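Please open the model in your viewer and keep the selection panel at hand. The stops below are meant to be taken in order, one selection at a time.

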Amino acid sequence: RDRRVLPMLFDIAGKRCSVGAVPQDLSTIAWAVATARTRDQSVYALLAKVSEESQKKVDEFIPQDIAMCAWAFAKVACRDNKLLRLFADKS
């Protein structure tokens, strides 16, 4: 397995996050990252972009999106207190 593929895909996904991504897109990207079994800098860079966009759109999230996104951040031990606080307030 070529270890360069996932970081490249994560970089592309990060660039797409800020171009019209809806909450379902953001939570699905976060979920995919968490299940990818890769824990390098590209994972945390992508989750930072997901977090940034999610914070802007938190009012559009439905409970399923919140659950998926929060689970993904927990799965990779990425503590984002600001985002999690926004999710908690929304719930």
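## A tour of charged pairs and a nonpolar patch

Begin by selecting Lys56, which is exposed, with a relative accessible area of 57%; here buried means under 20% relative accessible area, exposed over 50%, and partly exposed in between, with a 1.4 Å probe and protein chains only. Before going further, note that this is a predicted model, in which local features need pLDDT of at least 70 and side-chain atom pairs count only at pLDDT 80 or more, while totals for chains, interfaces and linings use all residues. Residues are numbered from 1 along each chain as its sequence is written, and side-chain values use heavy atoms, with hydrogens and water left out.

Helices (H or I, at least four residues) are DSSP runs, numbered from the N terminus. Glu52 itself is partly exposed, at 46% relative accessibility.

Is Glu53 buried or exposed? Glu53 is buried, with a relative accessible area of 6%. With the three residues displayed together, you are looking at a network of salt bridges that links Glu52, Glu53 and Lys56.

Next, move to helix H1 and select Asp11 and Lys15, which are 4 residues apart and so separated by about one helical turn. Their salt bridge has its closest N and O atoms 3.1 Å apart. Asp11 is partly exposed at 37% relative accessible area, whereas Lys15 is exposed at 52%. A search of the whole structure finds 4 salt bridges.

For the last stop, select Val5, Met8, Leu9 and Ile12, which make a nonpolar surface patch of about 370 Å². Such a patch joins nonpolar side chains (Val, Leu, Ile, Met, Phe, Trp, Tyr) within 5 Å, taken from residues with over 30% relative accessible area and no salt bridge, and accessible areas come from the Shrake-Rupley method with a 1.4 Å probe. Val5 sits in helix H1 (residues 5-17) and is partly exposed, at 36% relative accessibility.

Terms used: Patches are made of residues with over 30% relative accessible area and no salt bridge: like charges are joined within 9 Å, nonpolar side chains (Val, Leu, Ile, Met, Phe, Trp, Tyr) within 5 Å. A salt bridge is a side-chain nitrogen of Lys or Arg within 4 Å of a carboxyl oxygen of Asp or Glu. Helices (H or I, at least four residues) and strands (E, at least two) are DSSP runs, numbered from the N terminus.
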